[in-house]
Amino acid sequence: MTDEETIPLNLKGNVPDVGSKQLVRYEVVCPTIGPIDVYVQGNRGSANEVVIMTVHDLGCDHEMYQEFVCHPKMVPIRERTVWVNVEMPGQGHAAPDLPPDYQFPTMQMIGEDLICVLDQLKIREVVCFGEGAGANILARFAMAHIDRVLGICLLHATGTTAGLFESLKDKVMSWKLETMGMNPSAENYLVLHRFGSTQFSKANDKEELKSIVESYQEALHNKINSKNLKCFVNAFLKRTNIADTIRNLKCPVLLVTGQQSVFNGTTRNLHQAIVKTCEDKTKVEFIEVANVGNVLEEKPDKMAESFQYFLQGLGLISSVPMHNVHKMLRNRTMSMEDYDKPLRERNNSLVPAGSPPPTPHDHGMEAPPNLTLSSPSNDIPAESLLIEGK
């Protein structure tokens, strides 16, 4: 870690109760991918620190998740967590061209090297949160560093290599980024990749979504270095298949996709691959949000609820009341500090010797009717959950 800087959050409009409005930027030096910027939001130093590590998607930077983290439904989570946002090489706001001799790392190299973020920031373990290309990278990180990951939440994730159609489309787009800079073809592709569609006539909040897309398009033209973006796109295009090695993913997984996302099918395929190889299928959840392409942008409240249930299933932030649930937690003997310990750490002090470990349901967890999480047996495929995007 060679640098540290405090900067203000860049938020659209007035966001109430966002807690800390500052990010602390660190420069973390990794042996393979080189120096990367890491932006930390939240107060470090708590004995029961809950750290969420994020990696952004194509055409984005570390600010990708800021609006979501500062959403009103995220207030109870944000107050109890630290967000560590990793920015890929050369993808930051107005970043200079990467050096001519710089070899942009593969998705696997990035995933393996991210352990340096934890080591240099002195973070023991994390929950991972990523979308698109970021989700693919974090899945690799979780498989490479099993003991440092409590769970992973992957949005619009893909576990396979690029198909022929995707390869041809990406190669054309990548070539245009190199020769023309940001252009209509590249822009349309990235909007499709990010939001699942370039047309939103059926969206419930059409004008709001249109504004979000236009803001993204403006960032592509004015903030993102197109030459550097081409390198990231190429790395994603050349990704290796992780579905064949997904058995190495040992932590709980939450897969989320929008019904209209272009990655709906690939997310489903990854879910099926995980279910086929995992030893405990109750650790795998699949959520599909109806009538949306991008869950984070179109239904952040639904995403916030789902993420809260996932964290509480890990035994984290258990003192936060569940949305729409009025039943009190059964165990009233623990302090709030004990409730906010990771489940596996709490079990060590609460479970008598020789007793089987408790499940999340043993702690009185109960989801509302429209968010009932499946608990399939070991010989039945895990069921998916469709959330109506109301």
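Is Glu-288 buried or exposed? I looked it up: Glu-288 is buried, with a relative accessible area of 7%. Buried here means under 20% relative accessible area, exposed means over 50%, and partly exposed lies in between (1.4 Å probe, protein chains only).

**Ground rules.** I am working with a predicted model, where local features need pLDDT of at least 70, side-chain atom pairs count only at pLDDT 80 or more, and totals for chains, interfaces and linings use all residues. Residues are numbered from 1 along each chain as its sequence is written, and side-chain values use heavy atoms, with hydrogens and water left out.

**Glu-288 and its partner.** I checked the side chain of Glu-288 and found a salt bridge to Arg-268 (2.9 Å, N to O). The pair links distant parts of the chain: Glu-288 sits in strand β9 and Arg-268 in helix α10, 20 residues apart. Arg-268 is partly exposed, at 31% relative accessibility. For a salt bridge I need a side-chain nitrogen of Lys or Arg within 4 Å of a carboxyl oxygen of Asp or Glu. Helices (H or I, at least four residues) and strands (E, at least two) are DSSP runs, numbered from the N terminus.

**Helix α10.** I tested its length next. Helix α10 covers residues 264-277, and at 1.5 Å a residue its 14 residues should span 20 Å. The expected span is 1.5 Å times one less than the number of residues. The end C-alpha atoms are 21 Å apart, which agrees. I then listed buried residues of α10, among them Leu-270, His-271 and Ile-274. The buried residues of α10 pack against β8 (253-258) and β9 (284-289). Contact means heavy atoms within 4.5 Å.

**Val-292.** I found Val-292 in the loop between β9 and α11 (295-298). Val-292 is buried, with a relative accessible area of 2%. Leaving out residues up to four places away in sequence, Val-292 touches Gly-258, Gln-259, Gln-260, Ser-261, Glu-298 and Lys-299. Val-292 and Thr-257 are 35 residues apart in sequence, yet 8.8 Å apart in space, C-alpha to C-alpha.

**Other salt bridges.** How many salt bridges are there? I count 10 by this rule. One of them joins the side chains of Glu-305 and Lys-73 (2.9 Å, N to O). Glu-305 lies in helix α12 (residues 300-313) and Lys-73 in the loop between α1 (66-69) and α2 (75-78), 232 residues apart. Glu-305 is buried at 5% relative accessibility, whereas Lys-73 is partly exposed at 25%. I also noted a network of salt bridges linking Asp-61, Glu-63 and Lys-223.
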